[in-house]
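Visitor: I would like to go through this model and ask what lies behind the terms used for it. Please show it first.

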Amino acid sequence: MGRPDAVETFEPLMTAEDRLRLILDSTPSLIHTARPDGYLDYFNKPWLEYVGATLDEVSGWNWMAFIHPDDLEGIVARWRTCLATGGIFEYETRVRRADGEYRWMFHRKVPLRDEKGDIVKWYGSSMDIEDRKRAEDALRRSEFYLAEGQRLGHTGSWVFDPAGSFTHWSQELFRIYGLDPAGGAPSVEGYLDCVHPQDRECMAQLIREMVAKGLGCDAKKRIVRSDGEVRYIRCVGTPLVENGVLKSIVGTAMDVTEHEEMTQELRRREAYLAEAQKLSHTGSFGWKPDTGEIVWSDESYRIFEYNPAEKPTLNMVLRRIHPQDRALAQQVIEDSSRSGTDFEHEYRLVTPGEAIKHLHVRAHALRDSSGKIEFIGAVTDITERKRAEDSLRAAMTERARLDAVRAEVGMALARRDSLKGILHACAEAIVHHLDAVFARIWTLTSDGLQLELQASAGIYTRLDGRYSRIPFGRFKIGLIARDRKALVTNDVRHDPRIPDKDWAVAEGMISFAGYPLVVEGRTVGVMGMFSREALGKSTVDTLASIADGIAQGIERKKAEEKLRQSEKQLGDVIETMPVIAFTSLSDGSTDFVNRRWIEYTGLTAEESGYFRSATVHPEDREAHVGKWRASLASGEPFENELRHRGADGQYRWFLVRGVPLRDELGNILKWLGTLTDIEERKRAEERLRNENVALREEIDRGAMFEEIVGTSPALRGVLSGVSKVARMESTVLITGETGTGKELIARAIHKQSPRFSGSFVSVNCAAIPQNLIASELFGHEKGAFTGALQRRLGRFELAERGTIFLDEVADLPPETQVALLRVLQEREFERVGGNQAIRADVRVIAATNRDLQAAIGAGTFRDDLFYRLNVFPIHIPPLRERKDDIPILVEYFIVRYAANAGKTIRNIHKKTMDLLQSYPWPGNIRELQNVIERSVIVCETETLSVDERWLSRVQAPAAPASPKISQYPEKDERQLVEAALARTRGRVSGPSGAAVALGMPASTLESKIRALKIDKYRFRSV
C-alpha cells in the first residue's frame, strides 16, 4: 500500500487534540500549554526547534533551564502568582536559543475555564522581541548620551523665538546658569539679568541684531550666578528661515570658564617662560627636518642676534657658527635628522660684532602619528660658564703647581742629608716649579755677624763670589735678615730697594721675593729668588709658607748636629754599661747598639734588622713589632718581654724598655732603650706555672664525677663527633639512656670549643618545677610574680659567651619550649615579667633519654624545636653495647675509690669480671660506678670481688626476634621495611629506630633500604 493510502486510512483515527497539535506544529508561532497546577505539558515544534530540545527536556518545570539566570527568579514568581490568582500571565525574559544565544521574548498565557469557572488548561504563546528591545535600548542610550554629552561638555541647548522669548532650555543649560528648571525658560529680560553688568548691553544689542537681520551668533560673555560665582559662557546660534521668514534661532551655550582660566594662565606662563629664558640665557626651538621649518622663541632670536621679523632657517644658524666648529655642528645635525635620535652639542657663535659666544644645544626627537620627526630643543648661552671654567682651570693648574713645590720642599727637608744638600734641593724645587731664574738660601753664622750662602740653583749655582758672605744688616739680603721683614716686588727695574738696575734690565728680571728665615723670633737665614714673570698672590703666599718650613728645617738640622755630638759622648758612656743598650731613630730603625749586644748576638746595628727583629723568636716577632709601632705612633714609653737569639743559637728572655728623647718643641728625636736578661726569672715563673697546672689537674681529676673512659668502636665514634662539632657553634642534641654520661660529653664539647674560657652552665629541666623553669632559664624582673622581691639573672645570662647544657630537655613545658625556640632562632629572650629583649651569645647543648619523635607524635614536644636542637645529633650507646670498655672502666673506678679509701687493690676476680661483662647494666656507667665504689668500701684484700646480689634483676628489654625479611619475596620485604619506617617516622637507628623494630643492625637496614630504592625521608612527614 502506498503512502497516500496510509495517510487516508490514518486520518479518521486522529483525535481532535491530535489535529490541533498538528496545526500548532505547522504554525510559525511559539505555542505552549500548561496544566492547572502550572505543569507545562506541551510545546509546539517551532518552540522545540527554537531551543533545540525535546519535549521531555522542556516539559514540566524543565523549561527554567532555558531562561537567563538573571530573569529566572522573576518569571517563576510571576507564574506562581498567576497560578494562584488565575490572572493572565505576561512577562519578558531572555531565552537561550539552540545556538546558545539569549534573546528577549514576550510570554503570554491565558486560562481556559469550565462551566464552573475552574481552570482546566492554560494556553500560552511567546514572541521574539529582541529587535524591539535593542531599538528601545538604542533610543535610551541615544537620549542618555545626549544628556550625558551635554553634562560632560558643559554644553546646553536653547531655542529662541523672534517674538522675544526662549521656547526651549535644556536641563544642562539650567544647571550652567544656576536656574531652577521648574520656572521654565527665562524671558529675555530674565536672561539679561544673569549676564555680567559689563557684558549686558553688548548681549542685548546682539539679540536685537539677530532678530532684526536673521543672523546667528558666536559670542563669549560672562554670567553671574545666584551664588555670586562668575562663569564664562560661549553662545553659538543658527537661524532657521522658511520662505525668507525667520522662524527661530537654535543654539548652544557652553561653559568655557575652565578653558578661559587656562588660557589666561597659559598667557601668564608664557610670560613667565619668556622671562625665565631671558634670565637663564636659554632659548627654545622647534625644527622639522622634512620641511626645514624652524620656530624660535624670543630669547633664541636674541642669542643668535637676528631680527624677530625674519623667519629662521638652518642656513641662518650655520652662518653664525664659528668656522672651526661649523663642520662638526653640521655633521651632528645631519646625523640626528637622518637617524631621528636626540642630540646634544656645544659650539662657538660669531656675532655680527665679532664677539664670540659659547652655546650648548640639546634637542629631543619626537614622531607624529605619520612617523615624521620633529625636534624640540633648547639653546643656552654658556659664555659666562665657559669663562668661569677657564678661570677655574687656570686656578687649579696654579694650585697644582704650588702644591707640587710645597710637597717637593717637604720631601727635601725630610731627607737624611747634610744641611747644604737639603737646602740645595729646596732651591731646585723653587726654580723648577715657580719659574724662578735663580733662587738662593743663606744661613746665619754662629756669631750672628754674617749670612753664609748654602744653596744656589738656576742660572747661578756657584757658592763663592761676591754674595757668598753678606754682612748682617747690609745689602737687601742683610737688611731682610736684620729687619725680619719680607721684600717682594714685581718691578725690580724701578724699585729703589733693588740695586744693580742695569743687571736686572739686561737679564729681563721682573720680580724679586726675599724672606727672612725666622724661628721663635730668631733669624736663622734668608731665602731669595728672581723671576722674569710677575708674582701672583698665591705664589707669594706659597713662598712665605716654604720659608717657614725651611727655617724649621735649618733649626732641626742644627739640633740634630748638636745631638750627634751629644750622642757620641753618650755612646762612650753606654759602651761601659753592664746592660745591652741601643738607640733608634724616630722611624724605629736602629742606629746604635753597644758592645754587649754585638757580643751576645754577633750582629751590628745594621745587621740586626728593623726593630732588631732579626734575632727575635718567631713566636714573639709579630707582637714585638706591633707594640713598637704603637709606641712610635703614640710617643708613649715602650716595654715588652721577648726572646732574643744569641750568637750560639740559643734563645734567652729579655725585658726591652725604650723611652723617647724629645727636643724643645716636643718632637721625638731618638729612642733610648735597654735589654735586661730575665731568663732566670722566666724559668722560675715557668716552674711555678707548671706546678699550678699539675695541681689544677689533680684537683680536676679528684673533683670529676665521671670520666669519659673507653676504647670501644662505639665510644670512638661518639668522641669523633665531639671533636668535629666542638670547634663549631652548632647546637648539639645528645641522646642516650640514663647514666651513659651525656653531661660529660657536653662538657667535653665545651672544653674543646672556642668558648672554653666562658662558663659551662648545666640545667636539669626535670628537677625544676614547671612553674619556675622559665624564671630559672631566663630570669625574672622584680615583682614578676609573688616572691620575686628583686631582679634575678637566669641561666642563659649566666652562660653568656659560654655554653648552657639543658639536660632532660623533653620535660620542658610548652610555653618554655616556645621561649627556647626564640633563643635558638632569634638569639634573644625576655626575662619573666620584662618586655626588653636581651641578646643571648650562648651555645646550646641539649640532652634527653626519651624518644623525642614519640613525644612529638604525642603532642608534648614541638617538632620545630626538635629540628632546631637536632642540628648535630650525638647518640651515646648504652654500656651493654660497649662491653669492651667495661674492664677499663672497672680499673679506672678501682684506682679512684681505692685511693680515696687508702686501700691497695692489685687485681680482680675473674669470676667477678665475667659477671660484670655479662650483666646488661640497665643503669649504665652510673650503676657500674656505684657497684665498684661499694665493692671497694667492703673489700678487705688486694683482690676485688663483687657480690652478685648487688646487681639489679631488671634486665634490659630484649630485642625482638628478627623476622628474617630476607626470606620474603622482594615485594613483601619492601612492605615490611616501609611499614617499620612509617612507625618510626623514617628513623633507622637508635632505640626507637626501624632497625630495632626489624631486629637487624642499623647498617644492614641502611643497605637494604638502598637496595630496595626506598626514600626513607618521605616518612618523616607521615
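Guide: A definition to begin with: two strands pair if DSSP finds at least two bridges between them. The model itself is predicted.

Visitor: What makes β29 and β32 a pair?

Guide: Strand β29 (residues 803–807) and strand β32 (residues 843–848) are joined over four bridges in the parallel sense. The cut-off is at least two bridges, so the four bridges of β29 and β32 qualify them as a pair. Within this pairing, Phe 805 stands opposite Ile 845 in β32.

Visitor: In which sheet do these strands lie, and in what order?

Guide: They belong to an open sheet of five strands with the order β28-β29-β32-β27-β33 and parallel pairing.

Visitor: Which are the edge strands of that sheet, and what makes them so?

Guide: β28 (760–764) and β33 (872–875) are the edge strands, as each pairs on one side only. From one strand to the next the twist averages 20°.

Visitor: Which helix lies across β27, β32 and β33?

Guide: Helix α22 (residues 713–726) lies across β27 (732–735), β32 and β33. The angle between α22 and β33 is about 155°.

Visitor: Why are β12 and β13 said to stand at the edges of their sheet?

Guide: That is an open sheet of five strands, ordered β12-β11-β15-β14-β13, with antiparallel pairing. β12 (293–296) and β13 (343–350) each have a single partner strand, so one side of each has no neighbour in the sheet. The twist here averages 25° from one strand to the next.

Visitor: How do you know that β11 and β12 pair?

Guide: Strand β11 (residues 282–288) and β12 share four bridges in the antiparallel sense. At least two are required, so β11 and β12 count as paired. One of the bridges can be named by its residues: Lys 288 has Glu 293 in β12 as its partner.

Visitor: What packs on this sheet?

Guide: Helix α13 (residues 323–339) does, touching β11, β13, β14 (356–367) and β15 (373–381). The direction of α13 makes about 150° with that of β13.

Visitor: Why is His 322 called buried?

Guide: The relative accessible area of His 322 is 14%. Buried means under 20%, so His 322 is buried. His 322 is located in the loop between α12 (314–320) and α13. Leaving aside residues up to four places away in sequence, His 322 touches Arg 348, Leu 349, Val 350 and Ile 356.

Visitor: What makes β20 mostly covered?

Guide: Strand β20 (residues 511–519) has nine residues, and eight of them are buried. For the protein, buried residues make up 40% of the 1022 residues.

Visitor: Which strands are joined to β20 by bridges?

Guide: Strand β19 (residues 487–489) is joined to β20 by three bridges and runs antiparallel to β20. Here Thr 489 has Phe 512 in β20 as its bridge partner. Strand β21 (residues 522–531) is also antiparallel to β20, with nine bridges. Gly 514 is partnered by Gly 528 in β21. β20 and β21 form a hairpin with two residues between them, and Glu 520 in the turn has a positive phi of about 50°.

Visitor: Why are α29 and α30 called oblique to each other?

Guide: The axes of helix α29 (residues 886–901) and helix α30 (residues 910–918) come within 10 Å and cross at roughly 120°. The perpendicular range is 65 to 115 degrees and roughly antiparallel begins over 145, so α29 and α30 are oblique. The crossing of α29 past α30 is right-handed.

Visitor: Which residues make the contact of α29 with α30?

Guide: α29 contributes Ile 886, Pro 887 and Val 890, and α30 contributes Met 913, Leu 916 and Gln 917. Of the residues in this contact, five are nonpolar, one is polar and none is charged.

Definitions and conventions
Residues numbered from 1 in each chain as written. Predicted model: local features only at pLDDT ≥ 70, side-chain atom pairs only at ≥ 80, totals over all residues. Heavy atoms only, no water. Axes fitted to C-alpha atoms, helices over the stretch in contact; angles between N-to-C directions. Parallel < 35°, antiparallel > 145°, perpendicular 65-115°, else oblique. Left-handed = near helix turned anticlockwise from the far one by under 90°. Contact = heavy atoms within 4.5 Å. Nonpolar A, V, L, I, M, F, W, Y, C, P; charged D, E, K, R; others polar. Buried < 20%, exposed > 50% of the residue type's maximum accessible area, 1.4 Å probe, protein only.
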